[in-house]
Amino acid sequence: MAIRRVVAGNWKMHHGPSEAARFFEALGTVPDGPRVVVFPPIASLAAAVRAADGVELGVQNIHPAESGAFTGETSAAMALEAGARLALIGHSERRHVFGETDADVAAKIRRALETGLEPCVCVGETLEERRAGRLEEVLERQVLAALDALPTDASFLLAYEPVWAIGTGETATPADASQAHALLRERLRARHGDLAGRVPILYGGSVKPGNAADLMNADEVDGVLVGGASLQAESFRAIIDAA
Ligand code: PGA
């Protein structure tokens with residue numbers, strides 16, 4: 001069975017509650033077809049839950065602990081209760097700006113699954129790593145660490161987001177994306193067998209209405225994770241229509 005396409009938007013630290021409500025009002029009802037997901041900032045989750053129509057919602061981060069003295073953090077259970085159904089885990093900004101390790105990513109995946117949130121796990125190499133010919137090694141390390149925390153019956157998404165393509169206007173070519181996705185799929189198959197044919201692998205990094213269709217039509221690409229272009233309803237809608 002073919003994997004259902006996914007169009008996901010990561011708002012990062014943009015759009016407070018009123019902006020979130022305006023966004024979903026402008027977006028309207030999304031058409032049947034692709035699975036559409038938005039990751040608003042936690043402060044806008046409640047407003048998004050009220051306003052979204054046909055869009056699944058997720059959080060951009062969770063803490064691995066169940067609860068406790070972790071000022072400023074959000075637990076998976078709270079996120080679920082507040083209306084999130086997915087959790088973005090291991091986004092490159094979490095890894096590179098906040099110093100999250102593969103072990104942190106694995107711990108968050110375990111907590112998400114235990115709580116009932118579907119993880120969307122991000123992996124990707126930096127420009128330095130790519131130039132040094134370390135693409136395969138880095139992706140393999142990141143994905144295997146994540147798979148250690150993902151049982152073979154888990155439901156989850158993977159996102160390949162080359163760090164050099166995030167927010168830079170620099171996009172991987174459809175061929176670059178296919179190559180990386182094929183590697184991820186292959187590791188997934190080696191570890192998890194048939195599940196590999198059911199896990200959506202999204203491409204992320206400067207996806208725009210103008211390149212979304214080509215990227216989504218590339219081999220092994222099942223959808224997109226969109227940052228900047230997910231902030232305006234019009235451009236996000238155009239990407240959904242391209243799916
Ligand atoms: P971008 O961000 O589309 O703005 O490059 C993608 C992401 O960080 O998920």
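Reply: In this predicted model, Leu135, Glu136, Leu139, Glu140, Val143, Leu144, Leu147 and Asp148 of α7 meet Gln179, Ala180, Leu183, Leu184, Arg187, Leu188, Arg191 and His192 of α8, where contact means heavy atoms within 4.5 Å and helices are DSSP runs of H or I with at least four residues, numbered from the N terminus. Sorted by class, the contact of α7 with α8 has 9 nonpolar, 2 polar and 5 charged residues; here Ala, Val, Leu, Ile, Met, Phe, Trp, Tyr, Cys and Pro count as nonpolar, Asp, Glu, Lys and Arg as charged, and the others, Gly among them, as polar.

As for the geometry, helix α7 spans residues 135–148 and helix α8 residues 174–192, and the two pack at an angle of about 40° with their axes 10 Å apart. The axes are lines fitted to C-alpha atoms over the stretch in contact, and angles run from 0 to 180 degrees between N-to-C directions. α7 and α8 are therefore oblique to each other, since angles under 35 degrees count as roughly parallel, over 145 as roughly antiparallel, 65 to 115 as roughly perpendicular and the rest as oblique. The crossing of α7 past α8 is right-handed, that is, the near helix is turned clockwise from the far one by less than a right angle.

On conventions, residues are numbered from 1 along each chain as its sequence is written, and side-chain values use heavy atoms, with hydrogens and water left out. Because the model is predicted, local features need pLDDT of at least 70 and side-chain atom pairs count only at pLDDT 80 or more, while totals for chains, interfaces and linings use all residues.
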